[in-house]
Amino acid sequence: MDVSVVMRTHNCSLGTHPYDPCVAVQSILDQKYISNLQIVIFDDGSDDGTPERVKASFRDQVMLVRGERIGPIHALNAWFMATKHPLITFFDTDDLAHPHMLLRLAQPFAWEGCGYSFCDYVEVNAEKGETPFRLHGNPYKGTGIGGFMFRKSAFEAVRGFDASL
């Protein structure tokens, strides 16, 4: 399966941000049964060394695109065309992927009429040193964008995210 993963970063270096984007990227690289994986990281104007740290950690395993500070929705839309695969998912710097996440998200696309798929996720409260889990099943009630996969053609048909919302 051919999948592009898009991640936006902005000032996520250790010490200034509670999440490590390198941990998130590694969880994507650890995916099973994905034959062709593209990871596109859009840095939205970081000035704390985030892009340099990510590039140094992963070299040619990720495509790093640097941009001016234009905000998350505009950044995703502006750099969306850098993806090369027919299936796309978005990932945040605070996300961790189960090793079969991309496989499970991609399976419904065997049906030609599938435009998107979604999955449940588990929230972990790391700030309190606890790990209370909460499972979400409704994609329209609290699911982050990291739980969705789109057919690129479907995303193009709706012209990306509506930044006015």
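## His85 and its surroundings

Leaving aside neighbours within four places in sequence, His85 is in contact (heavy atoms within 4.5 Å) with Asp2, Val3, Ser4, Asn36, Leu37, Gln38 and Lys152. His85 belongs to the loop that links helix 3 (72-79) to strand 4 (87-91); helices (H or I, at least four residues) and strands (E, at least two) are DSSP runs, numbered from the N terminus. With a relative accessibility of 6%, His85 counts as buried, where buried means under 20% relative accessible area, exposed over 50%, and partly exposed in between (1.4 Å probe, protein chains only).

## Basis of the model

The model is predicted: local features need pLDDT of at least 70, side-chain atom pairs count only at pLDDT 80 or more, and totals for chains, interfaces and linings use all residues. Residues are numbered from 1 along each chain as its sequence is written, and side-chain values use heavy atoms, with hydrogens and water left out.

## Overall composition

The protein contains five helices and eight strands, which follow one another from the N terminus as β-α-β-α-β-α-β-α-β-β-β-β-α. Of its 165 residues, 41% are buried. Among contacts with a separation of 6 or more, 70% are between residues 24 or more positions apart. The accessible surface is about 9,300 Å², and carbon and sulfur atoms contribute 54% of that surface; the areas come from the Shrake-Rupley method with a 1.4 Å probe, and for residues only the protein chains shown count as cover.

Six strands form an open sheet in the order 3-2-1-4-8-5, with mixed pairing; two strands pair if DSSP finds at least two bridges between them. Strand 3 and strand 5 (116-118) are at the edges with a single partner strand each, so one side of each has no neighbour in the sheet. On average, neighbouring strands of this sheet are turned by 20° against each other, direction ignored. Axes are lines fitted to C-alpha atoms, for helices over the stretch in contact, and angles run from 0 to 180 degrees between N-to-C directions.

Strand 2 (residues 36-44) and strand 3 (residues 63-67) run parallel and are joined by five bridges, with Asp43 opposite Arg66 of strand 3.

Strand 4 pairs with strand 1 in the parallel sense over five bridges. The bridge partner of Val3 in strand 4 is Leu87, and Met7 stands opposite Phe91. Strand 4 also pairs with strand 8 (residues 148-151), in the antiparallel sense and over three bridges; there, Phe150 of strand 8 is the bridge partner of Ile88.

## Helices 1 and 2

Helix 1 lies across strand 1, strand 2 and strand 4, running at about 165° to strand 2. Helix 2 packs on the sheet and touches strand 1, strand 2 and strand 3, its direction making about 170° with that of strand 3. The axes of helix 1 (residues 21-29) and helix 2 come within 10 Å and cross at roughly 35°. The crossing is right-handed, that is, the near helix is turned clockwise from the far one by less than a right angle. Pro21, Cys22, Val25, Gln26 and Leu29 of helix 1 meet Thr50, Arg53, Val54, Ser57 and Phe58 of helix 2.

The buried residues of helix 1 are Pro21, Cys22, Ala24, Val25, Ser27 and Ile28; they pack against strand 1 (2-9), strand 2, helix 2 and strand 4. Ile28 has a relative accessibility of 1%. Beyond neighbours within four places in sequence, Ile28 is in contact with Val5, Leu37, Ile39, Phe91 and Ala97. Its C-alpha atom is 8.5 Å from that of His98, 70 residues away along the chain.

## Loops with positive phi

Asn11, in the loop between strand 1 and helix 1, has a phi near 45°, a positive value in a residue other than glycine. Tyr33, in the loop between helix 1 and strand 2, has a positive phi near 65°. Tyr33 is exposed, with a relative accessible area of 63%.
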